[in-house]
Amino acid sequence: MTPNETHKKTPNTAPVIEIKGLYKTFGKDNHVLNGVNFSVAKGENLVVLGRSGSGKSIAIKCLVGLVKADKGEVNVFGKNIVKFNENQLNEIRLRIGFLFQNGALYDSMSVRQNLAFPLMRHSTELTAKQVDNAIKETLESVGLTEAIDKMPSELSGGMRKRVGLARTLILKPEVLLYDEPTTGLDTITSREISDLILSIQKKHQTTSIIITHDMACAKLTADRLVILKDGIIEAEGTYEALEKSNDAWVRSFFS
Amino acid sequence: MVIYLKSIFNDAGNIILFTARFFKEVTKPPFETKEFIRQCYEIGYKSLPLVAITGFIMGLVLTLQSRPTLADFGAESWLPGMVALSLIREIAPVVTALICAGKISSGIGAELGSMKVTEQIDAMEVSAINPYKYLVVTRILAATLMVPLLVVFADGIGISGGYMGVNIHSDINIVRYISQVFESLDFVDIIPATIKTFFFGFFIGMIGCYKGFTAANGTESVGKAANSAVVLASLSIFIIDMLAVQITDIFF
């Protein structure tokens with residue numbers, strides 16, 4: 001199946017993110033990405049599927065410069081960031097939010113401090129009162145105002161992800177990258193996180209890339225899906241189209 | 001064998017690059033003053049009880065062990081001076097640095113290692129915050145400044161331990177004891193011994209940070225980072241001490 005066969009929703013605006021022929025190899029012969037191509041339009045939710053080790057996380061880490069690509073183009077907001085230095089990357093990173101698999105909350109800081117940490121560094125003109133208000137407002141948007149003075153060790157898995165999301169949202173990113181947002185959560189909490197992803201997209205008009213193994217989350221959140229296999233895009237399209245694909249391997253994700 | 005040697009040279013090269021980055025970043029604003037002060041508190045203030053206990057025992061035991069030999073020569077009156085010289089020139093700096101390698105270097109290695117494994121360092125980086133500056137520069141600076149202060153503190157406590165040791169077998173006035181201590185000391189004894197402690201502190205902080213910051217993924221690597229930080233920091237303390245003594249010997 002060619003990627004375009006099942007592609008239903010063609011982005012009608014210039015892509016916010018565009019990856020062209022991306023290659024990444026670790027060590028001598030661990031070829032993780034072998035020429036990945038995909039793009040995401042403004043306001044679109046793209047879900048990336050694939051088996052463990054297929055290179056999904058590496059691909060989105062290339063978007064924020066956490067992993068340097070060996071070859072190819074990573075165009076973010078129209079700029080190829082592959083050869084960017086730290087300062088140039090930081091300008092891009094301020095416009096992108098990244099939700100890590102386990103939230104990646106700073107263990108030594110309370111929830112309040114976790115949220116204040118990036119905000120106070122990048123918005124130095126804000127008063128303590130304004131910072132506090134922004135923290136409360138952001139926590140409210142993820143439904144966790146009561147956890148403001150808790151330490152990360154006191155939070156459940158779902159709460160950690162919500163706080164991680166709040167910490168990302170406080171910088172008002174235009175693009176959100178979710179690395180397995182529902183992994184390790186029960187069905188109800190997974191559903192809540194998926195709903196939260198949708199409500200954030202609606203409220204802030206963000207563009208999102210969601211890496212997941214959770215098909216319920218994919219069904220709910222995806223405008224379009226891509227499936228990675230051995231470091232290349234094997235299939236691309238809407239949930240409904242891929243579910244009825246002629247390729248048994250593609251269909252196996254949906255069964 | 002070749003692979004082992006390759007990994008040693010690889011590590012040495014990476015440590016040099018890691019250290020070079022420290023000197024590049026330390027002078028560039030913004031300065032993380034708040035975190036630096038917090039680290040001084042964590043590294044310096046929280047190590048005081050441990051350093052105090054070991055310092056006191058060092059002074060006491062050294063006095064008790066040296067006394068019989070000096071008594072054989074009828075030179076017991078040299079005891080305060082000898083204990084003070086041994087403590088200040090060698091024992092207090094090295095033992096305190098080793099204690100700090102165990103407490104501080106392993107602590108930093110484990111803390112940064114677990115931050116690395118749980119993607120907290122990556123989270124900092126994607127928030128456009130320089131994790132090297134926030135986590136590494138502050139810890140290395142704090143260790144470089146706090147270890148010498150802890151050594152000076154251990155010197156003082158060790159000398160007071162010596163006073164107790166002397167008084168177990170004889171009776172000496174505190175004023176006389178202190179005056180005997182200072183009579184035997186010169187700036188040449190204190191300054192080189194203090195200068196080397198800055199290097200001890202720098203290496204304790206730097207090795208802990210390097211091992212933690214470069215920890216591989218997986219919880220196992222956190223333990224490895226803490227363990228190898230202690231081993232390498234302790235080894236580097238002995239090497240620096242050997243070099244410092246040789247250099248002091250040439251100049252003084």
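Trainee: How do you know that chain B and chain A are in contact, and how many residues take part?

Mentor: In this predicted model, the contact takes 21 residues from chain A and 14 from chain B. Residues count here because they have heavy atoms within 4.5 Å of the other chain.

Trainee: What makes up the area buried between the two chains?

Mentor: About 1600 Å² is buried between chain B and chain A, and carbon and sulfur atoms give 57% of that. On the chain B side, B:Glu119, B:Gln120 and B:Val126 supply 35% of the area that chain B buries against chain A, more than any other three residues. The 1600 Å² is summed over both chains, so it holds the loss from chain A as well as from chain B.

Trainee: Good, now chain A by itself. Which helices and strands does it have?

Mentor: There are 9 helices and 10 strands in chain A.

Trainee: How do you know what share of chain A is buried?

Mentor: The test is a relative accessible area under 20%. Buried residues make up 53% of the 255 in chain A.

Trainee: What about charges in chain A, and where do the centres of the two sets lie?

Mentor: Chain A carries 33 positive and 30 negative side chains, and the two centres lie 2 Å apart.

How values were computed
Residues numbered from 1 in each chain as written. Chains lettered and ligands numbered in written order. Predicted model: local features only at pLDDT ≥ 70, side-chain atom pairs only at ≥ 80, totals over all residues. Heavy atoms only, no water. Helix = DSSP H or I, 4+ residues; strand = E, 2+ residues; numbered from the N terminus. Buried < 20%, exposed > 50% of the residue type's maximum accessible area, 1.4 Å probe, protein only. Lys, Arg positive; Asp, Glu negative; His and termini not counted. Charge placed at Lys NZ, Arg CZ, Asp CG, Glu CD. Buried area = accessible area lost by both parts, 1.4 Å probe.
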